[in-house]
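Here's a quick briefing to read with the structure open beside you. Have a look at the fold before moving on to the notes.

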Amino acid sequence: MKVVNLKQAILQAWKERWSDYQWAINMKKFFPRGATWDILNLAEALLEQAMIGPSPNPLILSYLKYAISSQMVSYSTVLTAISKFDDFSRDLCVQSLLEILDMFCDRLSCHGKAEECIGLCRALISALTWLLRCATFYGEKLKEPLEQVAAESQLKMCLERLEKMLSSTKNRALIHIAKLEEASSWSVVEQSLVKLGESLSSLSSSPLRSQAENCISLTKSIPSMLSVHSEQLNKTGFPTVHALVLLEGTMNLTGETQPLVEQLMMVKRMQRIPTPLFVLEIWKACFVGLIESPEGTEELKWTAFTFLKIPQVLVKLKKYPQGDKDFTEDVNCAFEFLLKLTPLLDKVDQRCNCNCMYQLLQECNKQGLLSETNMNNLTAKRDADREHAPHLKSAENANIQPNPGLILRAEPTVTNILKTMDADHSKSPEGLLGVLGHMLSGKSLDLLLAAAAATGKLKSFARKFIKLEVSQLSASPSSAKSAPVRALLFDISFLMLCHVAQTYGSEVILSESSPPGEVPFFETWMLTCMPEEGKILNPDHPCFRPDSTKVESLVALLNNSSEMKLVQMKWHEACLSISAAILEILNAWENGVLTFESIQKITDSIKGKVCSMAVCAVAWLVAHVRMLGLDEREKSLQMIQQLATPLHGESTLQFYNER
């Protein structure tokens with residue numbers, strides 16, 4: 001019905017002699033609710049009505065031209081509609097269609113999904129076939145003495161449009177995509193080329209003949225486009241460098257920079273890569289990794305790798321002999337090349353919610369890789385490009401702080417925290433607790449850890465927390481006033497170390513060599529009790545079976561629901577005893593000695609003060625559940641669920657929600 005209504009609306013407009021803009025306004029009134037004109041085939045309907053007589057209807061054609069200019073219809077639907085017209089004997093109609101092609105054939109584009117892009121390619125190959133058929137028709141008419149003058153004029157117009165369409169590399173590339181997508185459509189083009197060649201064989205060596213031959217050779221060159229450009233592509237794209245950088249960014253953020261520098265230099269020498277293209281490939285790989293990284297911790301890792309680690313890598317590359325040119329000039333040249341990759345830069349800016357090029361230029365300038373003048377020049381060029389992309393600014397959310405800026409600010413904070421932790425806090429640990437509490441808020445911890453990992457300070461960071469934990473265990477019996485602070489320092493350091501091990505791998509935590517019997521508590525617990533990928537835990541391992549008297553007193557303490565006295569607690573012993581205590585409690589629950597309400601009180605008591613006790617309990621429960629049959633797991637899984645759910649209401653110790 002809508003198609004019928006569309007034709008009626010066009011006829012009404014013609015009868016009432018509406019102007020083009022009146023027609024557009026009224027059409028939007030007739031078809032509300034955001035009707036898509038391409039689905040309604042507006043371009044085809046307009047052309048059908050305009051081409052009824054021997055000459056085109058100028059008023060209806062003006063509607064089509066308005067629709068094209070105001071982007072009511074897509075270029076692909078107009079091209080498809082034109083290619084359906086096959087009465088070439090109507091010269092004036094053909095001329096009008098060629099004039100419509102002039103409106104947009106040199107600036108083809110489309111908005112929307114991949115399907116629309118493929119649709120444009122298909123429409124363009126149809127338009128090419130139509131132009132070839134059109135030229136063939138007038139080539140045949142040239143053989144008729146009475147029609148020669150008119151036919152020559154029409155043929156000239158057709159060949160001009162063909163040459164204009166095919167002289168654009170972009171258009172030929174789009175036709176190439178259509179050929180790959182639909183081989184049958186290319187067969188039709190090849191047949192049309194043969195017919196055009198035959199029809200023009202009788203032409204004497206005139207400008208028309210050379211123009212036609214040029215169009216035929218341009219069309220025939222389309223299938224070999226990729227092989228012609230392959231040599232050039234090999235000179236500008238270096239997949240080995242790309243893969244090496246992507247692998248390092250994904251798998252080895254915490255690794256030393258020197259091995260990466262040596263591997264990159266080896267590839268550079270073996271493939272004889274010019275320095276500007278080599279640096280360009282590194283930045284391209286970084287931006288691709290950043291765009292494709294999953295949201296959250298992985299995105300922060302890639303941000304730290306791109307904005308902190310890679311500038312450090314380039315600083316080391318600068319020390320290697322690079323030829324005659326100054327390395328900073330090569331870096332500047334690489335950035336000039338990078339500026340030309342506008343889609344990549346726009347995509348990374350959208351992903352990171354900021355001008356990434358600006359942040360990178362600032363960091364390179366700070367590291368002595370780029371002069372102030374070059375930095376300002378490159379910044380101005382990128383700003384000018386961004387001015388032409390209003391979608392970037394509209395997409396940027398002012399409420400979200402961009403990760404690159406946060407990571408760059410986190411890097412000096414890491415150094416300050418390491419200095420703070422080196423100071424003696426034995427007399428007043430409250431100051432240190434304040435620093436650690438702020439580290440836990442929002443995504444501060446992940447930012448700081450990513451910055452530390454990218455700058456090679458993560459191991460030092462972890463050692464400081466292990467030292468802090470050891471100092472809390474070896475401290476003299478605490479007073480009622482300092483006991484909560486010591487409990488919190490133990491808990492936060494334990495939880496941070498856990499988080500580091502799970503995010504960056506346990507090897508970051510492990511010390512090079514500790515004397516036997518002096519391995520820190522967390523290292524012992526992590527090696528034997530912490531679940532990790534590819535590690536199978538034995539729930540009956542001796543590490544889960546500590547001193548029975550300590551276990552009994554902990555079970556009694558938990559079962560009586562009495563307040564844990566922070567002064568008397570030795571938290572590392574409680575963490576080691578909790579697994580055996582949980583087994584006792586689980587057995588009592590399964591044998592009906594304890595009710596579900598009692599279990600809730602016990603789990604609330606476990607997670608109420610120090611969260612590390614709950615982590616240790618769950619670590620054992622995970623190992624235990626894996627040894628049970630499916631029908632025996634219910635109570636263990638319920639207990640895991642209870643321990644993993646935060647307490648609601650006021651907690652007695654600070655930073656509970658963060659922990």
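Which residues of helix 17 are buried? Keep in mind that this is a predicted model. The buried set is made up of Phe327, Thr328, Asp330, Val331, Asn332, Ala334, Phe335, Leu338 and Leu339.

**Helix 17 and its neighbours**
- Helix 17 covers residues 327–339, 13 residues in total.
- From first C-alpha to last, helix 17 reaches 19 Å, which is close to the 18 Å expected at 1.5 Å a residue.
- The buried residues of helix 17 pack against helix 15 (275–292), helix 16 (297–317), helix 18 (342–352), helix 19 (356–366) and helix 20 (372–387).

**A look at Thr328**
- Thr328 sits in helix 17.
- Thr328 counts as buried because its relative accessibility is 14%, and the cut-off for buried is under 20%.
- Leaving out residues up to four places away in sequence, Thr328 touches Lys318, Gly368, Leu369 and Leu370.

**Helix 14 against helix 16**
- Helix 14 (residues 257–271) packs with helix 16 at an angle of about 60°, and their axes are 10 Å apart.
- That angle is why helix 14 counts as oblique to helix 16.
- The crossing of these two, helix 14 and helix 16, is right-handed.
- On the helix 14 side, the contact is made by Thr257, Gln258, Leu260, Val261, Leu264 and Met265; helix 16 brings in Lys309, Val313, Lys316 and Leu317.
- Sorted by type, the residues of this contact between helix 14 and helix 16 come out as six nonpolar, two polar and two charged.

Definitions and conventions
Residues numbered from 1 in each chain as written. Predicted model: local features only at pLDDT ≥ 70, side-chain atom pairs only at ≥ 80, totals over all residues. Heavy atoms only, no water. Helix = DSSP H or I, 4+ residues; strand = E, 2+ residues; numbered from the N terminus. Expected span 1.5 Å × (residues − 1). Buried < 20%, exposed > 50% of the residue type's maximum accessible area, 1.4 Å probe, protein only. Contact = heavy atoms within 4.5 Å. Axes fitted to C-alpha atoms, helices over the stretch in contact; angles between N-to-C directions. Parallel < 35°, antiparallel > 145°, perpendicular 65-115°, else oblique. Left-handed = near helix turned anticlockwise from the far one by under 90°. Nonpolar A, V, L, I, M, F, W, Y, C, P; charged D, E, K, R; others polar.
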